[in-house]
Amino acid sequence: VQLQASGGGSVQAGGSLRLSCAASGRTFSRNAMGWFRQAPGKEREFVAAISYSGNRPYYADSVKGRVTVSREYAKGTMYLQMNSLKPEDTATYYCAASEAVGTNRFLITSQTHYHYWGQGTLVTVSA
């Protein structure tokens with residue numbers, strides 16, 4: 001089972017990027033998935049997550065209103081559309097999937113809820 005994150009790159013402030021997270025080996029159609037990021041010198045933090053059903057997103061306050069998380073079950077892929085990017089969004093972005101069936105709204109924003117992690121994709125936003 002693997003998660004492959006892609007779509008990172010370098011953009012100017014105000015620009016947009018769409019990150020993808022493709023699952024192989026299984027689809028995680030009954031599991032919550034999420035995005036986390038880690039900036040240089042900082043701890044990894046929650047960005048966004050989506051319920052197993054795909055109809056309930058969760059966002060960190062720092063990105064709310066600027067990002068949209070979605071998933072495409074037929075492709076076993078999760079996306080993170082990021083708009084109005086800021087220099088403080090610069091980080092390596094990781095996708096993750098939970099082994100737990102269903103959605104636990106109390107744990108979905110916690111790293112400990114996730115058992116599978118992608119390798120990360122770097123997003124650099126210049127001022």
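**Entry 1: Asn83**

I began with Asn83, which counts as partly exposed because its relative accessibility is 30%. My cut-offs: buried is under 20% relative accessible area, exposed is over 50%, and partly exposed is in between (1.4 Å probe, protein chains only). I note that this is a predicted model, where local features need pLDDT of at least 70, side-chain atom pairs count only at pLDDT 80 or more, and totals for chains, interfaces and linings use all residues. Residues are numbered from 1 along each chain as its sequence is written, and side-chain values use heavy atoms, with hydrogens and water left out.

I placed Asn83 in the loop between S8 and S9. Strands here are DSSP runs (E, at least two residues), numbered from the N terminus. I then looked up Gly15, which is 68 residues from Asn83 along the chain. The C-alpha atoms of Asn83 and Gly15 are separated by 6.1 Å.

**Entry 2: the disulfide**

I searched for disulfides, meaning pairs of cysteine sulfur atoms within 2.5 Å. The structure holds one. It joins Cys21 to Cys95, with an S to S distance of 2.2 Å. The torsion about this S-S bond is about 70°, so the disulfide is right-handed. Cys21 sits in strand S3 (residues 17-24) and Cys95 in strand S9 (residues 91-101), so the pair ties together parts that are 74 residues apart in sequence. Cys21 is buried, at 0%. Cys95 is also buried, at 0%.

**Entry 3: the four-stranded sheet**

I traced an open sheet of four strands in the order S1-S3-S8-S7, with antiparallel pairing. Two strands pair if DSSP finds at least two bridges between them. Strand S1 (2-6) and strand S7 (67-72) stand at the edges with a single partner strand each, so one side of each has no neighbour in the sheet. Neighbouring strands of this sheet are turned by 15° against each other on average, direction ignored. The axes behind that angle are lines fitted to C-alpha atoms, and angles run from 0 to 180 degrees between N-to-C directions.

I then took S7 and strand S8 (residues 77-82), which run antiparallel and are joined by six bridges. Glu72 has Thr77 of S8 as its bridge partner.

**Entry 4: strand S11**

Which side chains of S11 are buried? In this strand (residues 121-126) the side chains alternate. Thr121, Val123 and Val125 point to one face and are buried.

Next I looked at the partners of S11. Strand S2 (residues 9-12) runs parallel to S11, with four bridges. S9 runs antiparallel to S11, with three bridges.

**Entry 5: cavity and pocket**

I used a 1 Å grid over the protein atoms alone: a cavity is a set of points where a 1.4 Å probe fits but cannot get out, a pocket is an open set with protein on both sides within 12 Å along at least five of seven lines, and lining residues have an atom within 4 Å of a point. A volume is the space filled by probe spheres set on the points.

I found one cavity of 30 Å³ or more. The largest cavity holds about 40 Å³ of space. Its lining includes Glu72 and Thr77.

The largest pocket holds about 160 Å³. It is lined by 13 residues, and the closest to its centre are Arg37, Ala39, Lys42, Glu45 and Glu88.
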